Amino acid sequence: MPVLPSKTRRIGVLTSGGDCPGLNAVIRGLTKTAINTYGMKVVGILDGFRGLVENRTRPLEFADLSGVLTRGGTILGTSRDKPAKMPIGGKVQDMTSVAVANARGLKLDCVVCLGGGGTQKNAWQLHQAGGLDVLTMPKTIDNDVAGTDRSFGFATAVQTAAEAIDRLHDTATSHDRMIVVEVMGNKAGWLALGAGIAAGADVVLIPEIPYDLQAVANFLLRRQRRHGRKFSIVCVAEGAVSRQEAAVATGRRRNGKEADPAELEDDRGYRLVKESLASRLARQLQELTRTEARVTTLGHVQRGGVPTASDRLLCTALGVKAAELLAAGVYNVMVGIRDGVCVPVPLQEVVGIRRVVPLDHAWLLTANRLGTCLGIANAEFSALWEGKVTLEELNSRG
Ligand code: F6P
């Protein structure tokens, strides 16, 4: 195939923030197309924005891409460092100008940044404050990047979490126990909701719907009466909050109904070591339902592994589209997917916005109709769905 004309000659690519399956698949799609189809040179920047500040790079050639499509993690390494606030020698410093000078020294026309919400912000800041041209792609198992219907890595994490919950189901039924399983997702409930539905969890608690502990306990007790079995799976997002916590967060005074152990202090005024959300819930629900409970936190297991075919397809399409946009000289956009098509989205429409599960999302109705408890009484869910009550009103019920 003849090399097509390209306005961009040389690009850098970095991966930043928490890793996720599919990063290597994007690097491969982008680099192969950039080199093969458009004759660009590609420089790999190591360990996220820190590598740009410290000028640590490696050339990315065709040979480097062999076998990476299915590999988890990132061949470039990653970090959570921000150019504008980088810890250097014990001090936090603004390294924006150094990052930009290094990119210029490397003769990069554009730096391609693969990352989640924080990375979008950092890339935009390099452009705004330093005049560096950037292009981003949405990476995160949390699926919370704005401007795209889906982030890559999410589908694989749902698969991993669902498979883990399937296994927990086996042991929960055998022992007739409740298992509270905590999944990642930061402040968004996509992963818990997706994996919870896919694995048939009985209760799914997400940050978007602050839960009512008593409503969850009542649901579990009803389930026991109906089926004569005690086993159940409670799938909780790491960012889920109780109604009381939500009310406190929105400025209301704590009503004392549910003391939060995370805020208790010892006799010297030290805050006690934080009890995990899943442990706290298991303890509370065991007490309220008189059912033996166990806790599993899936943690970073959800971030590793071979990307699913659907993620690989998305990653490859995003990488190829990014190369096409770079060749056309389109910069300072995020390449997202909307209605199945890869499109450039202006970074201003992405930065600073967390995409959480909207309260009218079809997955919520799916779960509710199926009989899954979403942390509130069924009548309350219906009223919420129909817009007859707001979340704030529900939270104020305590
Ligand atoms: O953003 C991805 C994510 O895995 C979140 O789901 C989680 O809260 C966080 O990263 C964990 O971060 P770290 O890798 O720093 O422990």
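Trainee: What's the shell around the ligand like by class?
Mentor: By class there are 2 nonpolar, 3 polar and 4 charged residues. Here Ala, Val, Leu, Ile, Met, Phe, Trp, Tyr, Cys and Pro count as nonpolar, Asp, Glu, Lys and Arg as charged, and the others, Gly among them, as polar.
Trainee: Which residues surround the ligand?
Mentor: Arg80, Ile141, Asp142, Met184, Gly185, Asn186, Glu238, His300 and Arg303, going by a heavy atom within 4 Å.
Trainee: And is this a predicted model or what?
Mentor: Predicted: local features need pLDDT of at least 70 and side-chain atom pairs 80 or more, while totals for chains, interfaces and linings use all residues. Numbering runs from 1 along each chain as its sequence is written, and side-chain values use heavy atoms, with hydrogens and water left out.
Trainee: How far is a polar side-chain atom of Glu238 from an oxygen atom of the ligand?
Mentor: 2.6 Å. For Asp142, a side-chain N or O is 2.7 Å from a ligand oxygen, and for Arg80 the distance from a polar side-chain atom to a ligand oxygen is 2.9 Å.
Trainee: Switching to domains, where does the ligand lie?
Mentor: Between domain 1 (10–152 + 307–349) and domain 2 (157–303 + 358–396), because both give residues to the shell. Those bounds come from an automatic or database domain assignment.
Trainee: How many Å separate their centres?
Mentor: 34 Å, taken over C-alpha atoms. The contact (heavy atoms within 4.5 Å) takes 10 residues from domain 1 and 10 residues from domain 2.

Methods: A polar contact is a pair of N or O atoms within 3.5 Å; within protein, one must be able to donate a hydrogen and the other to accept it, and residues adjacent in sequence count only if both atoms are side-chain atoms.
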